[in-house]
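Dear colleague,

Please find the structure below, handed over for your own work.

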Amino acid sequence: MEVKSGEGQSNGNCVNESRNERRVGLIYDQRMCKHRTPYGDDHPEKPDRITVIWNKLQLAGIPQRCVVLKAKEAEDKYICGVHSENHVKLIRNISSKQYDSRRNRIASKLNSIYLNEGSSESAYLAAGSVIEVAERVAKGELNSAFAVVRPPGHHAEYGEAMGFCLFNNVAIAASYLLDQRPELGINKILIVDWDVHHGNGTQKTFWKDPRVLFFSVHRHEFGSFYPANDDGFYTMVGEGPGAGYNINVPWENGRCGDADYLAVWDHILVPVAKEFNPDIILISAGFDAAVGDPLGGCRVTPYGYSVLLNKLMDFAQGRIVLALEGGYNLDSIAKSTLACMEVLLEDKPISELTEAYPFESTWRVIQAVRRKLSTFWPTLTDELPTTLTNQKAPPHVLLSSSESEDEVDEASEIISKDLVQAIEDVVEPLLKLKIDNYPDQATSASWRSKLSKTDIWYASFGSNMWKSRFLCYIEGGQVIGMKKPCSGSMDRNPPKEIRWKTFPHRLFFGRDFTQTWGPGGVAFVDPRSNNEDRVYMCLYKITLEQFNDVLLQENVPDHDMNSPLFDLNALDSIQNDGSLIVEAVKRGWYHNVVYLGKEDDIPVLTMTCSLSAFESMKSGEIPLHAPSKDYAGTLVRGLVQGKQLSEEEAMTYIQVACTKSL
């Protein structure tokens with residue numbers, strides 16, 4: 001096989017014919033790396049995602065054993081089978097010079113989208129590549145295929161890009177096979193979306209279409225996990241002729257791993273797939289449920305993905321097309337893609353995972369889904385036996401035959417609640433287990449005990465000025481207007497004291513959407529002080545341990561707290577340096593801890609954006625945006641209940657912060 005040096009695309013359709021293997025298609029094109037953030041800022045959905053996958057496959061010799069295809073741009077008429085003409089026109093032209101002055105402004109009005117001069121070409125190549133491999137598999141020229149594409153697609157809706165997605169690549173390919181190529185005999189398509197986020201765009205595309213069985217397993221957490229709505233709940237089963245052909249399996253929590261996904265396959269997807277009997281399977285192959293993913297917070301191993309894929313090979317004569325969706329841990333997505341390619345090539349035998357049992361919440365969700373869908377799928381009618389759902393197991397780790405040592409610290413370790421005490425009595429010196437959703441309490445106990453003895457003042461200038469809102473970070477829960485609850489702190493004791501004070505910093509509102517509050521800006525302060533501005537801050541006297549938990553929840557709630565984010569050394573150094581970037585939560589918006597002085601000889605700390613982010617908001621690269629009514633209401637309540645301002649004065653204070661130029 002010849003591959004153009006430095007381009008990562010083939011000179012033709014090449015395959016090594018010397019081996020008697022399945023014909024597996026593979027598409028990768030470096031031109032899809034042209035879609036990147038406008039000013040080179042780091043972003044989870046970055047070009048490196050597909051280059052590391054390609055490099056991993058090359059090192060393993062995978063392309064030499066595949067039919068490597070050229071990427072093709074999709075035609076507008078096929079994209080319009082899923083998207084509106086206006087949306088297609090926007091994405092087609094967004095990278096042209098005529099949009100240079102307003103491209104960033106357009107992106108800022110969309111939900112979790114960036115755009116640049118390479119976005120149009122990348123989006124058209126991604127959609128066209130999935131069409132290309134799907135058509136060849138449907139024709140029988142290939143047994144199966146993998147499209148290593150970006151930007152991803154499953155969030156993109158009829159008239160809107162969102163969630164890093166511009167065109168809905170898999171939906172476009174499915175529509176193409178059904179509506180444009182009826183002679184291929186593809187009458188029933190199973191779409192399996194194992195991305196950790198709900199495939200809202202794909203669901204809406206085929207909501208009333210019985211030709212497509214859409215199956216999505218995802219973190220949902222009762223509508224609090226992105227895309228943060230009820231669309232991904234198990235009660236959403238389709239409508240009209242499509243009723244029963246939309247299946248959602250909504251996780252109630254993170255940290256789900258191989259055992260949880262395998263249980264869903266065995267007790268929902270596989271039985272329904274047998275009844276549905278698809279002609280082809282398209283997989284929205286997001287790997288953000290993988291071990292170590294910074295956004296997903298789940299624990300599926302590469303071996304786990306290979307088992308899930310292998311189970312689907314029994315259907316549609318193995319005619320399966322995988323298209324990359326999400327996945328933001330570069331190591332995990334590369335290993336997971338390789339594991340799936342080995343399945344497609346039938347490279348090694350796949351053995352069942354054994355002695356692995358899911359979370360209690362997983363069985364609860366599975367049973368709810370089965371009951372809801374049983375009227376449409378008789379195979380789901382029977383209740384699962386309690387001997388299955390009540391199984392108890394000793395501690396174990398789900399390991400791959402090829403990945404074991406790499407994954408031992410990351411893989412899901414699940415134990416029966418009833419056996420906790422007995423196990424501790426026997427193997428306490430060796431026990432470092434994770435029980436349901438709680439952090440690694442054994443490994444974090446020492447630092448927590450130490451930091452619980454040190455008090456700080458946490459100075460809040462945004463929604464946390466309202467005590468009820470701040471207590472969500474301490475006690476857990478949510479207040480009016482919040483779209484998702486807070487997990488709370490390990491130490492749920494309330495603040496020891498509350499004070500108010502003003503500081504010489506500039507208050508402003510930036511960004512345009514958050515998972516907690518939905519559309520609208522949120523409060524930030526300029527990390528630098530100046531004598532021209534004053535910002536009201538509510539000071540909560542809490543422990544340094546609690547401050548770490550607040551810092552976590554403000555930034556990256558799924559980060560493992562095996563060690564503190566901000567320790568005693570950081571507390572000492574910040575009093576000299578003035579601020580500290582907390583690297584472990586740098587992808588959050590409030591990772592810059594700023595020292596404001598002392599009150600009663602106790603350090604006063606706040607958290608805000610980095611100076612570089614401030615400059616990006618000042619330049620317009622990151623949008624400035626007024627807060628939503630609900631979010632602004634929390635500031636007003638805090639200022640009024642704290643007896644700092646009247647309601648009218650508080651509203652004026654917010655208005656000035658929104659309109660005054662940076």
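Strands β16 and β17 (residues 592-599) run antiparallel and are joined by 3 bridges; strands here are DSSP runs (E) of at least two residues, helices runs (H or I) of at least four, both numbered from the N terminus, and two strands pair if DSSP finds at least two bridges between them. Leu580 has Val593 in β17 as its bridge partner. The model is predicted, so local features need pLDDT of at least 70 and side-chain atom pairs pLDDT 80 or more, whereas totals for chains, interfaces and linings use all residues. Residues are numbered from 1 along each chain as its sequence is written, and side-chain values use heavy atoms, without hydrogens and water.

Both strands belong to an open sheet of 6 strands with mixed pairing, ordered β10-β15-β9-β18-β17-β16. At its edges are β10 (497-503) and β16 (579-581), each pairing on one side only.

A further open sheet has 8 strands in the order β2-β1-β3-β8-β7-β4-β5-β6, with parallel pairing. Its edge strands β2 (67-69) and β6 (246-251) have a single partner each, so one side of each lacks a neighbour in the sheet. Within this sheet, β4 (residues 189-193) and β5 (residues 212-219) pair in the parallel sense over 5 bridges, and Asp193 stands opposite Ser216 in β5.

His155 is located in the loop between β3 (144-147) and α6 (169-180). His155 is buried, at 3% relative accessible area (buried means under 20%, exposed over 50%, partly exposed in between; 1.4 Å probe, protein chains only). Among the residues that His155 touches are Cys165, His197, His198 and Tyr226 (contact means heavy atoms within 4.5 Å).

Yours sincerely

Methods:
Lists of a residue's contacts leave out its neighbours within four places in sequence.
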